[in-house]
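This report walks through one protein chain, from overall totals down to single residues. Please keep the sequence and the 3D view side by side while reading.

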Amino acid sequence: MDSQELQSLKNRYDIIGNDAALNSALEIAVAVAPTDIAVLIDGESGTGKDTIPRIIHEHSRRKGGNYFAVNCGGIPEGTINSELFGHVKGAFTGADREHKGYFEEADGGTLFLDEIGELPAATQAMLLRVIQNGEFMKVGSAKVERTNVRVIAASNVNLAHAVSQGKFRSDLYYRLNGITIKMPALRERTSDIHLLFRKFSADFSERNHTHKVNLTHDAIKLITEYRWPGNIRQLKNFAEAVTALETQNFRPTDGRCEVDSLTLRKYLPAEGETAIAVSDPQQQERMSDNDRQMIFNAILKMSHDIEELKRVVYGGGASPVVNEPMSLPPAPADQPHQRMEEIDEQPQTVVENHEQEESLDIVDNERNLIEKALRKHDGHRKSAAAELGFSERTLYRKMEKYGLKS
């Protein structure tokens with residue numbers, strides 16, 4: 001496909017951008033369209049995966065047939081089989097008439113199954129059968145039906161990982177994965193971000209008869225460096241919001257409506273406030289400082305509650321010695337007893353030292369937290385106690401314990 005044909009394809013499907021990975025995805029879609037090879041579209045949510053199946057269908061021999069796009073993740077598990085394969089009258093409560101499913105409606109055409117990784121196991125088995133030999137049964141029926149449908153699937157999760165975790169059938173995965181078309185994330189298409197912003201802003205201005213928005217160089221740099229976790233969908237909403245609000249009080253006599261990075265920044269959520277779509281499901285989430293602080297406060301409050309409980313149980317006297325020997329229950333008959341020599345050989349001292357270090361860490365952290373809370377509230381004990389989850393009396397007692405002054 002030469003550059004002129006590629007640009008013509010982009011104009012037809014309203015695709016903006018010159019990124020090499022995007023161009024490759026479009027070229028592969030056109031190349032596989034005349035065949036019936038299975039296509040799996042991989043990419044994060046909001047990257048425009050739904051455009052590829054339409055290109056494939058409209059460049060194939062099936063273009064005269066029906067085309068349906070189904071979001072598998074948006075259909076409840078209890079009705080997904082009925083939606084895909086149909087049901088007969090009386091199949092379940094409320095089934096007062098026969099219903100055709102997508103596979104029957106799309107006979108001779110193309111069916112795009114988005115978020116296919118969300119399908120339940122039973123539906124995966126039925127889908128494998130219809131892809132392999134074109135056979136399916138409606139819910140509540142024992143009659144085998146036939147259909148001739150090209151299935152194109154897409155997923156925003158790593159299906160290979162889902163297979164390894166037993167959440168997706170390996171035989172279905174290999175049936176769907178004839179050719180993989182990767183849709184790049186917007187943060188990987190940095191040169192296209194400003195082009196897309198201008199397109200979305202101009203379209204919004206034209207539809208709503210508002211003025212056009214122009215970005216300064218620093219504003220362009222800001223949106224180019226932003227990660228765009230919601231990809232093109234997020235950028236579109238962002239461009240429309242900026243255009244609507246920044247042109248609200250703009251007058252033509254003011255000249256061009258220019259928006260700088262300082263103004264633009266208020267429309268962008270902070271990186272930590274937005275869940276970033278991640279293609280690798282094995283990536284671990286990091287605990288934020290606020291979450292860590294909340295957990296530690298909860299631990300301190302639990303420690304306080306235990307101390308209060310001891311006072312109630314033991315009448316305000318000294319708590320019993322916790323490290324005195326305890327009698328252990330006898331081991332069950334079917335379990336071998338551990339030899340006393342093995343028990344004596346355990347590194348008791350190391351464990352005790354480790355526990356002692358952890359205890360000292362908690363004490364230091366508690367003292368530091370109390371000091372920070374008091375400084376934050378200018379020595380006001382009631383406010384500091386409320387933030388720490390203590391009563392004012394408990395805070396006063398702990399201040400005496402650590403030699404702290406308000």
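## Contacts and overall make-up

Among contacts in the chain with a separation of 6 or more, 72% join residues 24 or more positions apart. Contact here means heavy atoms within 4.5 Å. The model is predicted: local features need pLDDT of at least 70, side-chain atom pairs count only at pLDDT 80 or more, and totals for chains, interfaces and linings use all residues. Residues are numbered from 1 along each chain as its sequence is written, and side-chain values use heavy atoms, with hydrogens and water left out.

The chain has 17 helices and nine strands. These are DSSP runs numbered from the N terminus: helices are H or I with at least four residues, strands are E with at least two. Of the 406 residues, 34% count as buried. Buried means under 20% relative accessible area, exposed means over 50%, and partly exposed lies in between (1.4 Å probe, protein chains only). The accessible surface of the chain comes to about 24,800 Å². Carbon and sulfur atoms hold 50% of that surface. Accessible areas come from the Shrake-Rupley method with a 1.4 Å probe; for residues, only the protein chains shown count as cover.

## Helices H2 and H3

Two packed helices are described by the angle between their axes and the distance between the axes. Helix H2 spans residues 20-32 and helix H3 residues 51-58. They pack at an angle of about 35°, with axes 8 Å apart. Axes are lines fitted to C-alpha atoms, for helices over the stretch in contact, and angles run from 0 to 180 degrees between N-to-C directions.

Which residues make the contact? H2 supplies Ala 25, Leu 26, Ala 29, Val 30 and Val 32. H3 supplies Ile 52, Ile 55 and Ile 56. By class, the contact of H2 with H3 has eight nonpolar residues, no polar and no charged. Nonpolar covers Ala, Val, Leu, Ile, Met, Phe, Trp, Tyr, Cys and Pro; charged covers Asp, Glu, Lys and Arg; the others, Gly among them, are polar. H2 passes H3 in a right-handed crossing. A crossing is right-handed if the near helix is turned clockwise from the far one by less than a right angle, and left-handed if anticlockwise.

## Links across the sequence

Lys 182 sits in strand E7 (residues 179-182). Lys 182 counts as partly exposed because its relative accessibility is 40%. Leaving aside neighbours within four places in sequence, Lys 182 is in contact with Ala 21, Ala 25, Asp 42 and Gly 43. Lys 182 and Leu 26 are 156 residues apart in sequence, yet 9.9 Å apart in space, C-alpha to C-alpha.

Val 157 lies in the loop between strand E6 (150-155) and helix H7 (159-164). At 36% relative accessibility, Val 157 is partly exposed. Val 157 and Glu 44 are separated by 113 residues in sequence and by 7.6 Å in space, C-alpha to C-alpha.

## Positive phi

Most residues other than glycine have a negative phi. Asp 14 has a positive phi of about 55°. Asp 14 is in the loop between helix H1 (3-12) and H2. Its relative accessible area is 53%, so Asp 14 is exposed.

Glu 115 also has a positive phi, near 50°. Its place is the loop between strand E3 (110-114) and helix H6 (121-133). Glu 115 is partly exposed, at 24% relative accessibility.

## Cysteines

Cys 72 is buried, at 4% relative accessibility. Cys 257 is buried too, with a relative accessible area of 7%.
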